[in-house]
Amino acid sequence: MIDPIAALIDQTNRFHLPSPFDPAGAWYKEWYHFCLPAPEFDLIVNFNLSADVRPAASPGSQIARLVVLLREQGGAWEGDVDTIPVRDVAIRPETIDITFGHNRVRLRNGGFELSLALQNRPVALTLFLEPVALPLLMRSNTPVGQGRINWIVVPRLRAGGTVIAGERVYRLENCPAYHDHNWGSWLWGHDLAWEWGFALPTAGGVPWSIVFDRTTDRGRNRLRELTLAVWRGEKLHRVFTQNELAVQSQGYLTGARPPKFPRVAGLLVPGSTGDIPRRLLISARQGDDALELLFEAAASAQIVIPNETDLDNTVINEVTGRLTARGQIRQEPLELDGRGIFEFLT
Amino acid sequence: MNSSPDLATAGAFVRTSLALLRQEYGDVYFLLCRRLAPRALLLVIDGEEIPLRFTPFEIEFPAALPRPRVHCQTTSEAILDVIDARLTLNEAVAAGRLILVGDTADLSLFHDGLIDYVRGMVRAPSAPFLLERFRRFAEVRPDSP
């Protein structure tokens, strides 16, 4: 019997490789993103393919990168950004099956099989992630800068397998996980910013999963997208949008300078965490439905992307922390105490 | 970069990387020239002297420099430690692994020039291959001064 969630993901979540005749292909970007807020660590994995717009690149060429960030509880971030030669990249358009060198993600037996090993850092893993909630198209051709972005989320998966970090080997079972898939066309350096994040409960038996997104211009003056989606079990339960939501930042994350990935970017972005809120409060209200969320940032790492429009950089702050949610939806109380990973693009 | 010239010395890497920058991200190469001309830099890596002279449109490699405005001495190991973020630039200076001599204004300009260079190299498609060669080169270097 075919798992209906996996079947839906298989139909909706394939790569959208641009046609050579598509003018938007020059700005093409696409990635699969996985996050595991495991009890012993936080893990972020990103298989990333984009048009190569560097002046010396051949016209129509693409660049593939694998981003892996891992932070053991109380420890430092480990990880890297590996660039994969395009000759070692294979993407099957008729299904979900992506190979970046020796790294692979594919949909098989009702879930994502993920295996990877960084080239120069001691992180490797093999995981099976079974989706347990239905996907949602959170952004659909949303304007970003002078381009567009699409974003499908699978808010909740169950992960099992092995993660190796340095000399430690972690065996996972029923570990909460999150997945999304982004694609579109824009240039890094365009007038865009986003804040998004997800939360999954720490305790078993809690049915709620939450995903938040705010997409704006770089100055955060012009709102492009504002959405809070709540799943109950496998089904999407409630979506709050636009003026049903109020978002407030409090304080900023202090402490050690966040590590940069790739590491050489430390020369280019020597700054601190001043742009990352310590707390993010999200209030949702519509009719009798109301929800209060509090994300408390704990640790951060920065992915630094050289702009494609100038010599500056775009910094994606990956922030781990705790999230609590309290409220009522459809006359049912909602309580969630969990962990989340938020992303602040600056 | 597979057909690159013999990369047997630190100076060969510096010359090749600047040629690569000129070829693959010329805007930054010329920005570097404009920023640093008409100054000269004596770079010393693992004891090997690498004189560089900046003109408005080119970087030259004279055999010697009578009066370099800035003297920069380091090791291939320290360079990789900074690239791999085991060490910040400030820490490298404080630890004596990067020795800079020059007046403050020139040092500040050369710091900005270094950042320009990095900005260009992170956008140069061939740079990762050259860096990989440099790692292998540094592995087999004898302990440097």
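## Ground rules

Residues are numbered from 1 along each chain as its sequence is written, while chains are lettered from A and ligands numbered from 1 in the order in which they are written. Because the model is predicted, local features need pLDDT of at least 70 and side-chain atom pairs count only at pLDDT 80 or more, whereas totals for chains, interfaces and linings use all residues.

## The two chains at a glance

Let's start with chain A. Its secondary structure comes to 1 helix and 22 strands; helices (H or I, at least four residues) and strands (E, at least two) are DSSP runs, numbered from the N terminus. Chain A has a radius of gyration of 19 Å, close to the 20 Å that the globule rule gives for 346 residues, so it is as compact as a globular protein of that length. That radius is taken over C-alpha atoms, and the rule is 2.2 Å times the number of residues to the power 0.38. Along its principal axes, the C-alpha trace of chain A spans about 60 × 50 × 45 Å. Of the 346 residues, 43% are buried; a residue is buried if 20 or more other C-beta atoms lie within 10 Å of its own, exposed if 12 or fewer, and partly exposed in between, with C-beta atoms placed from the backbone.

Chain B has 6 helices and 5 strands, and along the sequence they follow the pattern α-α-β-β-β-β-α-α-β-α-α. For its 145 residues a compact globule would have a radius of gyration near 15 Å, and the 14 Å of chain B agrees. Its C-alpha atoms fill a box of roughly 35 × 35 × 30 Å along the principal axes, and 30% of its residues count as buried. Among contacts in chain B with a separation of 6 or more, 66% come from residues 24 or more positions apart; for chain A the corresponding share is 62%. Two residues are in contact if their C-beta atoms, placed from the backbone, lie within 7 Å.

## The sheet of chain B

The strands of chain B form an open sheet of 5 strands in the order S3-S2-S1-S4-S5, with mixed pairing. Its edge strands are S3 (59-60) and S5 (99-101), each of which pairs on one side only. Two strands pair if DSSP finds at least two bridges between them. S1(B) and S4(B) pair in the parallel sense over 5 bridges, and B:Val44 has B:Gln73 in S4(B) as its bridge partner.

Helix H1(B) packs on this sheet, touching S1, S2 (48-54) and S3 of chain B, and its direction makes about 25 degrees with that of S2(B). Here axes are lines fitted to C-alpha atoms, for helices over the stretch in contact, and angles run from 0 to 180 degrees between N-to-C directions. On the S5 side, S4(B) and S5(B) run antiparallel and are joined by 3 bridges, with B:Gln73 opposite B:Ile99. S4(B) is mostly covered, as 4 of its 5 residues are buried.

## Helix H5 of chain B

Buried residues of H5(B) include B:Phe110, B:Tyr117 and B:Met121. The buried residues of this helix pack against H1 (10-24), H2 (26-36), S1 (40-45), S4 (70-74) and H6 (127-139) of chain B.

## Where the chains meet

In the interface, 17 residues of chain B are in contact with 14 residues of chain A. H1 and H5 of chain B each supply at least two residues of the side that touches chain A, and H5(B) gives the most, with 3 residues. That side of chain B divides into 11 nonpolar, 2 polar and 4 charged residues. Ala, Val, Leu, Ile, Met, Phe, Trp, Tyr, Cys and Pro count as nonpolar, Asp, Glu, Lys and Arg as charged, and the others, Gly among them, as polar.

## One residue of chain A

A:Asn174 is found in strand S12 (residues 168-185) of chain A. A:Asn174 is exposed, because 11 other C-beta atoms lie within 10 Å. Leaving aside neighbours within four places in sequence, A:Asn174 is in contact with A:Arg158 and A:Gly160.
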